[in-house]
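Welcome! Let us look together at how two protein chains meet, and then at what lies inside.

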Amino acid sequence: MRPMAYMPPVMFAIVAVGLALGLLIVKPKEIPSALIGQPVPEFDLPSVVGTPHGFSNADLIGHVSIVNVFASWCLPCRAEHPLWVEVGEGGLVPVYGLNYKDSQENASKWLADFGDPYTAIGADLNGRVSVDFGVYGVPETFVIDGQGIIQLKIIGPIDRFTLENEILPTVQELQALMVAEGAE
Amino acid sequence: MQSLVRLWTGAFVALMVGFSVAAHAQVVTEIIDPPLENPVLEARAQAVHKLIRCLVCQNQSIHDSNAGLARDLRIIVRDRIAAGDTNDQAIQYLVDRYGDWVLLKPPFKASTIVLWLGPFLMLLLAGWSARAYFRAAPSQVAKAVPLTEEEQRRLAELLDPEA
């Protein structure tokens, strides 16, 4: 056979492999965040009924922190919650809660039932602050540096692997950076 | 055999009709969020809604989507427009938070150049390869071969039996 006879199947194979890679590698459900490297939005939210502190952007200045967007009606939030309880007990980094479009009654009950690892929780009743954070589903998690700049965003529930290989290393790196800058 | 074909054709048509009805039902969603009182501003807000991709159900605009977040974003766009934003400013407000992703029509820039020019490149490549392929292939039309003497004689006989 002459070489040109192989052209149609070869062209087909190139296109098919290209499309397959696109399907397998790109995760269409995970929208890249526009806010990485940007300061957190300004907000000042009241606390969820039954918790002591409200939550504002000023709370995020001066130390590395985690912001976890959650809701009592969100099942994946319940799945990841024990890990946040663990992080809260560990005391390595403060975890702040952004309670997304939740009933106050349900949110307090949820926290009483499953544990409250949060340093402070803001009740985002109409979801506006979450929109400012670029949130499009719950749960979502942000790691924020000492200057209040968003450094990492995790979409969807975290698992132990993400926590130990992505979130906590980022936190430690940012904390080490703060110590280094403070020493100068 | 023929009845089987008819059965499959029937099933296929039924399925297609079903899909089109379902698609139609999705488009005619009830507007549950209150429109702006000023019809001019509301028309502008709706024009913006149609350009914004719903982040939950990603192939719909927030105008068409029933998702809770789509509703929230519709209301935010109305608030921005009512507060005096131009359409572009209202769109930019969402782009600042969600990136170019929220635009159903992506902008033409360095990161999207493959998206915009890719199809034309593919078409060029396809045209070039088809041309090369057909040029190299042997002609399907048989080369004309002159008639033999015997054939000439028979042809003459058929054309003019008198001779």
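## Where the chains meet

Buried area is the accessible area (1.4 Å probe) that two parts lose on being put together, summed over both. Between chain A and chain B it is about 1,900 Å², with carbon and sulfur atoms giving 61% of it. I31(A), R128(A) and V131(A) supply 26% of the area that chain A buries against chain B, more than any other three residues.

This is a predicted model, in which local features need pLDDT of at least 70 and side-chain atom pairs count only at pLDDT 80 or more, while totals for chains, interfaces and linings use all residues. Residues are numbered from 1 along each chain as its sequence is written, chains are lettered from A in the order in which they are written, and side-chain values use heavy atoms, leaving out hydrogens and water.

## Charged partners

Across this interface there are three salt bridges (a side-chain nitrogen of Lys or Arg within 4 Å of a carboxyl oxygen of Asp or Glu). One salt bridge joins the side chains of K101(A) and D72(B), at 2.4 Å from N to O.

## Inside the protein

Now for the largest nonpolar core, which has 71 residues. Such a core is a set of buried (under 20% relative accessible area, 1.4 Å probe, protein chains only) Ala, Val, Leu, Ile, Met, Phe, Trp, Tyr and Cys residues joined through side-chain atoms within 4.5 Å. F133(A), I167(A) and L73(B) touch the most other members.

Which residues is F133(A) in contact with, leaving aside its neighbours within four places in sequence? Among them are L35(A), F43(A), L98(A) and I150(A), where contact means heavy atoms within 4.5 Å.

Technical notes. Buried < 20%, exposed > 50% of the residue type's maximum accessible area, 1.4 Å probe, protein only.
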